[in-house]
Amino acid sequence: VLTIKPENLDMEHLDKYDVLTLIRASRGVLRNKRLKKQIEKNLRERNCINDLLELESTGHDAEIQNTIGLCYANGFCGVQEDEKAAFGWYKKAAEQGNSKAQYYLACCYACGAGCKKDDHKYFEWCKKSAEQGDAEAQYQLGNSYRIGSCCEKNKRQAIKWFEKSAE
């Protein structure tokens, strides 16, 4: 369990693995909104993208690729927001089976962030992520079935995926 207090957050003395942890924490559900804002502010100011790229180059790790995608999507670690770069990193990680990257890739296809909007690919990647247990993807898949977005309306499938997302 990661315990961080806003007054103890010292971005200058974090190593690249600590930065990975903070990026992941900033995307998760943090109850302390002040802490979340401070982490995101510090991640935007810290120029650590080269550390992450170095980590990625040693093993082409899907989790690190997804994290680099988050950096480009949010302007973290000294890079400008770049939807195309984020999309590319999410795709690399998604193709290796990273469920969170699959969900983020689905979101890119849903709104055309860094790629051409494609409802079929949105549904395909969202379903892959949902099948691996990603609660956000499960909820969105249930919603797609509920309203018939990207697929035929299917009340049973909608209920199934809503229930899975709530587990």
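Which residues in H7 meet which residues in H8? Select Tyr-122, Phe-123, Cys-126, Lys-127, Ser-129 and Ala-130 in H7, which meet Ala-137, Gln-138, Gln-140, Leu-141, Ser-144 and Tyr-145 in H8, a meeting being heavy atoms within 4.5 Å. This is a predicted model, in which local features need pLDDT of at least 70 and side-chain atom pairs count only at pLDDT 80 or more, while totals for chains, interfaces and linings use all residues. Residues are numbered from 1 along each chain as its sequence is written, and side-chain values use heavy atoms, with hydrogens and water left out.

Now show the helices H7 (119-131) and H8 (135-147) whole, taken as DSSP runs of H or I with at least four residues, numbered from the N terminus. Their axes, lines fitted to C-alpha atoms over the stretch in contact, lie 8 Å apart at an angle of about 130°, on a scale from 0 to 180 degrees between N-to-C directions.

Next, select H4 (residues 62-74) and H5 (residues 83-95), whose axes come within 8 Å and cross at roughly 165°. H4 is therefore roughly antiparallel to H5, a term for angles over 145 degrees. Among the residues making this contact are Ile-68 and Tyr-72 of H4 and Trp-89 and Tyr-90 of H5.

Finally, centre on Ile-49, which, apart from neighbours within four places in sequence, is in contact with Ile-68, Cys-71, Tyr-72, Cys-77 and Val-79.

Key. Helices (H or I, at least four residues) and strands (E, at least two) are DSSP runs, numbered from the N terminus. Angles under 35 degrees count as roughly parallel, over 145 as roughly antiparallel, 65 to 115 as roughly perpendicular and the rest as oblique.
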